[in-house]
Amino acid sequence: MICGFALIIYGGPLALMITTLLVQVKCFQEIISIGYQVYRIHGLPWFRSLSWYFLLTSNYFFYGENLVDYFGVVINRVEYLKFLVTYHRFLSFALYCIGFVWFVLSLVKKYYMKQFSLFAWTHVSLLIVVTQSYLIIQNIFEALIWFIVPVSMIVCNDVMAYMFGFFFGRTPLIKLSPKKTWEGFIGGGFATVIFGIIFSYILCNYQYFVCPILYSEELGRMTMACEPSYLFTKQEYSLGVFGIGRTINMYPFVWHSIALSLFSSIIGPFGGFFASGFKRAFKIKDFGDMIPGHGGIMDRFDCQFLMATFVNVYISSFIRTPAPSKILTQIYNLKPEQQLQIYQSLKDSLGDLISN
């Protein structure tokens with residue numbers, strides 16, 4: 001699995017996007033299948049089709065949002081695609097309304113409660129799976145390091161918590177997972193912080209992992225070539241320990257990786273506990289049986305979705321700055337006279353710089 005993951009990373013952002021979509025579809029299928037078993041609905045008209053229709057509609061909206069954000073400059077130059085960009089949200093809502101009307105027309109007497117329960121089940125599944133995969137793709141576009149490091153931290157924490165628990169575990173941690181121990185939880189946390197620092201430092205040396213995916217006007221295509229930002233350029237830091245001062249050169253991202261590793265160690269495991277509680281509630285061992293010895297895809301990604309959300313929130317709160325490509329996308333959507341107004345304002349504001 002690790003070798004396969006490395007091969008996908010080598011394939012670049014497109015391969016990661018496709019993999020994320022495939023994982024999302026499989027996780028959705030596993031959760032929805034449990035719903036069908038729980039409510040024992042067989043043969044009701046259109047309900048299975050409706051679940052997948054809502055998945056497609058949700059993906060059209062969320063993936064479309066990503067494409068508009070990151071590829072809007074390119075798409076706006078193709079005349080017949082400009083309509084899809086301008087009215088993307090309206091088209092998404094129209095598609096959802098079709099599904100909503102379809103659901104109402106499919107209601108069958110004596111099955112109302114079960115049908116509405118499955119309708120809610122479908123939407124909760126979409127909230128858990130589709131929105132998280134949308135955030136994962138946003139993280140990928142920020143730079144591959146924002147995807148690879150958090151994913152690896154969750155794997156490291158899972159493995160090291162098991163190792164520490166196996167050799168030193170004595171104190172039970174939580175009733176939902178009787179095999180989890182405080183020794184494994186704490187030991188896995190320390191190991192994850194150390195791993196995060198070392199792994200982040202290594203990846204910061206490679207442009208392939210630290211450059212965002214942007215459209216280049218000069219090349220006329222999307223590119224990952226860039227001058228590494230402040231986060232991925234070594235800076236001098238003065239550290240004082242017991243009155244002894246020392247200066248070190250370190251990538252600022254490494255300090256941020258400590259925050260990521262702490263989250264993956266302290267909060268991340270609760271994604272797994274949540275999944276354990278869910279399975280116990282419905283008396284099932286695993287979400288599926290696709291991976292021998294591990295269960296279903298959802299069994300392997302229960303903590304990853306929570307981590308993806310944190311990384312996206314962290315980037316939005318502490319890292320991200322306004323991107324020229326996104327601003328250009330909004331400008332291209334304006335009327336010509338409004339674009340001229342912005343041009344004139346910029347010309348007046350930057351007049352001295354232009355003349356120099």
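## Basis of the values

The model is predicted, and local features need pLDDT of at least 70, side-chain atom pairs count only at pLDDT 80 or more, and totals for chains, interfaces and linings use all residues. Residues are numbered from 1 along each chain as its sequence is written, and side-chain values use heavy atoms, with hydrogens and water left out.

## The disulfide

A disulfide is taken as a pair of cysteine sulfur atoms within 2.5 Å. By this rule the count is one disulfide. Its partners are Cys211 and Cys226, with a separation of 2.0 Å between the sulfur atoms. The torsion about the S-S bond of Cys211 and Cys226 is about -85 degrees, and the disulfide is therefore left-handed. Cys211 belongs to the loop between helix H9 (207-210) and strand S3 (214-216), while Cys226 belongs to the loop between strand S4 (221-223) and strand S5 (235-241), so the pair ties together parts that are 15 residues apart in sequence. Helices (H or I, at least four residues) and strands (E, at least two) are DSSP runs, numbered from the N terminus.

## Accessibility of the cysteines

Accessibility is classed by relative accessible area: buried is under 20%, exposed is over 50%, and partly exposed lies in between (1.4 Å probe, protein chains only).

Cys97 has a relative accessible area of 29% and is partly exposed. Cys156, at 12% relative accessibility, counts as buried.

## Surroundings of Thr181

Thr181 is part of strand S2 (residues 177-181). Its relative accessibility is 12%, so Thr181 counts as buried. A polar atom of the Thr181 side chain lies 3.1 Å from the backbone nitrogen of Gly184.

Contact denotes heavy atoms within 4.5 Å. When neighbours within four places in sequence are left aside, the residues in contact with Thr181 are Gly165, Gly169, Arg170, Thr171, Pro172 and Leu173.

## Surroundings of Gly64

Gly64 is located in helix H3 (residues 47-75). With a relative accessibility of 11%, Gly64 counts as buried. Residues up to four places away in sequence not being counted, Gly64 touches Asn59 and His88. The C-alpha atom of Gly64 is separated by 8.3 Å from that of Val85, and the two residues are 21 residues apart along the chain.

Methods
Polar contact = N/O pair within 3.5 Å; in protein donor to acceptor, adjacent residues only side chain to side chain.
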